[in-house]
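Student: I am new to this structure. Please take me through one part of it closely.

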Amino acid sequence: MELTKAIKDRRSVRKFTDYYVTDEELNEAMEAARVAPSWANTQCSEFLALRDKEKIKELVENCYPKNPSTACSLDASLVIVACYNRKKSGFYKETSFNDVGTWGMFDLGLACQNMMLKLHDLGLGSVVVGAYDSKKASEILDIKGDIQIAAIIPVGKPAVETRPVPRKELSELLHIDKIK
Ligand SMILES: Cc1cc2nc3c(=O)[nH]c(=O)nc-3n(C[C@H](O)[C@H](O)[C@H](O)COP(=O)(O)O)c2cc1C
């Protein structure tokens, strides 16, 4: 798929068919994530691919039942848990380089967008789920130490047509020389 079309057409998908996302598709999407840029090429992103239905159910039900993405996560044959290593990105000799924020999240976001665009290219849909209890999710998935869980991303074949949601005009977010 042509890049501009992929960027413009990608939508969050919250309803999936019963299509089983193959390991080949998973690997293709993760390959796109793998080559994303990162702070000093520290490559702090880590991805957990969940196939286990019981685990997915436990994760989703214990997190946030009212989330609009809950139902599709329960239906998904693949849920990707996007994580990052807190100690890698944004550091120089173990000291935080500046106070910009969590560079690990920045790197992970770049990797996730690559991954979601590749999924779209493969005819698959996904949605970033951020509104959940990350502490509970980490317990359920036994994620600990320096690894921070960030987003839950269910993946599947879109079951419905998605419509574009409004965006700001370019003039509202692009500022030349000064942000007013
Ligand atoms: C960091 C982040 C967190 C999000 N969390 C959720 C969520 O918890 N539940 C949900 O249904 N969608 C979630 N979304 C999807 C957004 O609602 C969606 O990207 C936005 O409305 C724009 O729609 P589009 O992706 O179709 O362009 C999240 C997106 C991002 C980037």
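Tutor: We start with the ligand and its surroundings, then turn to the cysteines. Keep in mind that this is a predicted model.

Begin with the shell. The ligand is surrounded by 14 residues. The closest are Ser-12, Arg-14, Asn-67, Ser-69 and Arg-167. By type, the shell holds 6 nonpolar, 4 polar and 4 charged residues.

Now look at single atoms. Arg-167 places a polar side-chain atom 2.8 Å from an oxygen atom of the ligand. Arg-11 also has a polar side-chain atom by a ligand oxygen, at 2.9 Å. Ala-131 uses its backbone instead: an N or O atom there lies 3.1 Å from an oxygen atom of the ligand. The ligand taken alone exposes 620 Å², and the protein buries 63% of that.

Next, the cysteines. A disulfide is a covalent bond between the sulfur atoms of two cysteines. For a pair to count here, the sulfur atoms must lie within 2.5 Å. The count comes to 0 disulfides.

Take Cys-44 as a case. The closest cysteine sulfur to its own is in Cys-112, 10 Å away, so the gap is too far for a bond. Cys-44 is also buried, with a relative accessible area of 0%.

Then follow Cys-112. The closest cysteine sulfur to that of Cys-112 belongs to Cys-83, at 9.4 Å. That is again too far for a bond. Cys-112 counts as buried too, because its relative accessibility is 7% and the cut-off is under 20%.

Key: Residues are numbered from 1 along each chain as its sequence is written. This is a predicted model: local features need pLDDT of at least 70, side-chain atom pairs count only at pLDDT 80 or more; totals for chains, interfaces and linings use all residues. Side-chain values use heavy atoms; hydrogens and water are left out. A residue is near a molecule or strand if one of its heavy atoms lies within 4 Å of it. A polar contact is a pair of N or O atoms within 3.5 Å; within protein, one must be able to donate a hydrogen and the other to accept it, and residues adjacent in sequence count only if both atoms are side-chain atoms. Accessible areas come from the Shrake-Rupley method with a 1.4 Å probe; for residues, only the protein chains shown count as cover. Ala, Val, Leu, Ile, Met, Phe, Trp, Tyr, Cys and Pro count as nonpolar, Asp, Glu, Lys and Arg as charged, and the others, Gly among them, as polar. Buried means under 20% relative accessible area, exposed over 50%, partly exposed in between (1.4 Å probe, protein chains only).
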